[in-house]
Every structure is written in structure tokens, then in C-alpha cells.
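Q: I am new to this structure and would like to learn how to read it. Could we go through it together?

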Amino acid sequence: NYLLGVGRADCTGPVAQVPLMGYANPEQAAGGLLTRLYSRAFIVADPDGSRRVVFVSADIGMVSQRVRLQVLERLKSKYGDLYRQDNVILSGTHTHSGPAGYFQYTLFWITSKGLIRPTLNSIVNGIVKSIDIAHENMKRGRLFINRGTVENSQINRSPFSYLANPASERSRYSSNTDKEMVILKMVGEDGQELGLISWFAVHPVSMNNTNHLVNSDNVGYASYLFEQDQNKGMLPGEGSFVAAFASSNLGDVSPNTRGPTCANTGESCDNPQSSCPVGGAAMCMAQGPGNDMFESTRIIGQNIYSKARELYETASQEVRGPLSSAHQWVNMSDVSVELNATHTVKTCKPALGHSFAAGTIDGVGAFNFTQGAVEGDPFWDQIRDQLLGEPSNETKACHKPKPILFSTGEVRTHHCVPW
């Protein structure tokens with residue numbers, strides 16, 4: 001048995017006139033509320049309470065270092081050395097419909113139009129409060145794990161790029177997306193059902209970049225369904241049972257299962273340029289299974305919820321053994337990797353390539369950029385060099401064959417804040 005605690009707290013923040021975080025579109029500002037955003041916390045501790053791990057899944061785009069450091073600071077002042085760098089895990093569900101402005105880097109400030117303190121404070125307060133509630137409600141209980149396959153809920157959003165992977169690697173998988181869901185079930189010693197964490201790879205972008213309502217997207221809707229089911233008669237966000245649908249390896253996984261179509265003609269724009277015959281790339285938008293983005297969000301959320309419910313009901317494999325956690329800082333721009341006995345290579349300073357600007361079928365970029373591009377464009381390179389300076393030869397060589405659009409690891413502007 002372990003000591004288990006679960007908690008949930010609101011972390012919504014401002015819902016009007018702040019840019020949304022995810023599609024990197026400064027014009028996509030919030031204009032109201034569709035669903036509130038929550039932080040969901042889970043604590044697992046050894047029976048004597050000595051070693052423990054906290055896992056938090058919050059309805060936000062992603063966790064910034066600024067959020068993490070502020071949360072840890074608050075926990076330290078309240079609990080001393082109980083909750084630390086190495087045993088607190090913070091995770092964002094990756095909804096693209098939450099407020100922006102809580103990062104410390106210039107690149108994010110460009111699209112969020114700077115730091116937005118009300119957003120930052122709401123997220124930090126919500127995360128800390130959810131951990132407080134979990135901490136106060138700890139009781140003896142058991143953990144169970146289960147896994148299964150989710151169908152009809154995701155596609156690869158850059159299949160042309162995926163095909164550039166070696167055939168030997170692709171042959172290891174039955175599909176170009178990971179369809180496995182893993183769930184963790186928490187039950188009190190007295191039989192009280194405490195909570196669930198589900199991990200499944202899907203982007204919460206059923207709500208597209210024309211949306212202006214703050215919401216938790218498909219995975220948030222799955223949480224809502226599970227919690228309403230368990231907390232009978234309670235309002236959303238109330239009740240003791242906590243269900244998190246946390247992000248996993250969702251990189252190129254889209255919930256928009258009908259793929260990219262031209263908004264004006266309805267025909268497919270599933271091509272490397274994501275371009276439509278009339279209107280070009282601006283008209284190309286991936287469609288979910290519903291008649292509109294609201295219905296698509298419900299359908300995908302319902303699919304994920306249904307599978308999690310089935311796995312939850314049938315979970316019989318108990319998790320046992322001692323608890324452990326670790327934390328490591330890694331400078332990802334300076335890691336050596338041994339390829340074989342004679343070849344060692346090194347990672348590079350970060351840089352965004354031309355294909356970054358192409359976007360994906362869930363939110364196509366501007367101009368004439370192409371997904372998976374390995375050739376630069378003299379026109380854009382010249383503009384880049386004039387605005388930000390030319391990337392160093394070292395960075396160019398290190399990223400080859402990727403043509404560099406922004407050498408973010410080498411740009412220093414705005415009081416020397418790194419990009």
C-alpha cells in the first residue's frame with residue numbers, strides 16, 4: 001500500500017483580450033469562456049510518508065520554466081524540503097485554447113505580446129492549490145495499471161515528414177501514430193475510488209485556430225466526462241474524484257481525423273505545401289469527425305473517455321514496490337552522442353528551420369514554406385540576415401540538411417533575454 005492524495009483547483013486566468021497559447025497566432029485572442037481550466041494533482045508516498053512523488057496535469061499549453069520555479073518556491077516556503085525539484089513533476093495537457101504569456105523567453109513573448117502576469121499567477125496559484133488539496137487528503141490506498149488501444153481518434157499530421165524516417169525504423173510500428181493508452185487507477189484502502197491518470201498521444205487541437213473561447217479541448221472534455229460520472233450530482237470542478245487526461249508522445253498526432261481539406265471547396269489539401277487550388281495554404285484546415293470544431297471536440301473527448309473508462313473498470317495489475325524519482329538539468333545544445341566506436345557527434349544550438357514556418361495541417365503557416373523542406377530560400381535568408389543576423393557556420397553545419405530560418409540559440413535581443 002501507498003499513501004495517496006488527489007486534488008483539483010481552478011487555473012483559468014483571464015478569458016478576454018489575452019492571446020491564446022499554442023497556435024502562435026498573435027491575432028487569436030481570447031473573447032470568452034467555453035470551459036474552465038483545472039490543475040489536477042496526484043501524490044503517491046511510501047507508507048511512512050518519507051519518499052513521495054507529485055504528478056500534476058494542468059489544462060495549459062505547456063509548463064514553462066518560470067511557472068515551475070515559482071511553484072517550487074511556493075511549495076518550499078510552505079512544506080520545507082518535502083516537495084522539491086526532484087519529486088515534483090508538472091505537465092501541461094497541451095490545449096491550444098488556454099491563455100498565453102507565462103514564459104520567460106523572447107520567442108514566446110513575440111506571439112503573446114509580452115509577459116501576462118494575471119495568466120502566470122492564475123496557473124501558479126492553481127497548481128499550488130491542487131497540490132495543497134492532494135496533500136491534505138492523503139490516505140492509504142492501492143495503485144493499478146492498465147493499457148489498451150484507442151481507435152478512430154488520431155492521425156499523423158505530417159505524414160510526408162514521417163515517410164522521411166528510415167524504413168527499418170518505420171517497420172517496427174504497425175501505424176504512423178502511437179495508439180496505446182496507459183491508465184493509472186487510484187483506490188483507497190476503504191474501497192473509495194480516488195482518481196485516474198490517463199496518458200494517450202493526441203494533440204488537443206480539435207478546437208482550431210479560429211477559436212476565441214478559452215477551453216481545455218478534447219482531453220479536458222474527457223476529464224469532465226469522467227469526473228461528472230464519478231462525482232454524481234456535483235458541479236464541474238467539484239467532488240473528490242480527480243481524473244487527468246495527461247499529455248504523452250503527441251508530437252505529430254492530430255485529432256482531426258478527416259485530414260486537411262480546403263475550407264472554400266471541400267477538396268483535400270493533403271500535399272507538402274498544404275495548398276488549395278483557390279486561396280493557397282490559407283484555405284487549408286484539418287477537419288475533425290464532427291460537423292464543426294465543437295462537435296469534433298466532443299467526439300474525440302468521448303472516444304478517449306470511453307476507452308479510459310473501460311481500462312479503469314478492468315484494471316487488475318497492481319503497482320507495487322518502492323518509490324523513486326530523479327531530476328537532471330541537461331544543456332541540450334551541448335550533448336555528445338556516440339554513434340559507433342569511431343564516430344561521436346554533438347547536438348547543436350537551437351534553430352528553427354524553414355519547415356517550421358510551414359506549420360502543420362492543424363494550423364498552416366504563411367507564405368510559401370513547405371513541410372519537411374531541406375532547401376533554403378534566398379529571399380527569406382536575406383531578410384533573416386538583415387533582421388537577426390546570419391546563423392554561424394557551426395550552427396548551419398550542425399543542423400544540416402535543415403535550412404535555418406531563425407537561429408534562436410544565437411539571437412540576443414530585448415535586454416539579452418535568450419530567444
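A: Let us start with strands: two strands pair if DSSP finds at least two bridges between them, and strands (E, at least two residues) and helices (H or I, at least four residues) are DSSP runs, numbered from the N terminus. Here, strand β2 (residues 16–21) and β3 run antiparallel and are joined by 2 bridges. Ala 16 stands opposite Gly 31 in β3.
This is a predicted model, where local features need pLDDT of at least 70, side-chain atom pairs count only at pLDDT 80 or more, and totals for chains, interfaces and linings use all residues. Residues are numbered from 1 along each chain as its sequence is written, and side-chain values use heavy atoms, leaving out hydrogens and water.

Q: What is the order of the strands in the open sheet of 3 strands?

A: The order is β3-β2-β7, with antiparallel pairing. β3 (29–31) and β7 each have a single partner strand, so one side of each is left without a neighbour in the sheet.

Q: Which residues does the UniProt annotation "binding site" cover?

A: UniProt positions are given in the numbering used here, feature names are shortened, and annotations may be inferred rather than shown by experiment. The unreviewed entry covers His 94 and His 203. They are spread over 110 residues of sequence, yet their largest C-alpha distance is 7.0 Å.

Q: Is His 203 buried or exposed?

A: Buried means under 20% relative accessible area, exposed over 50%, partly exposed in between (1.4 Å probe, protein chains only). His 203 is buried, at 3%, and His 94 also counts as buried, at 16%.
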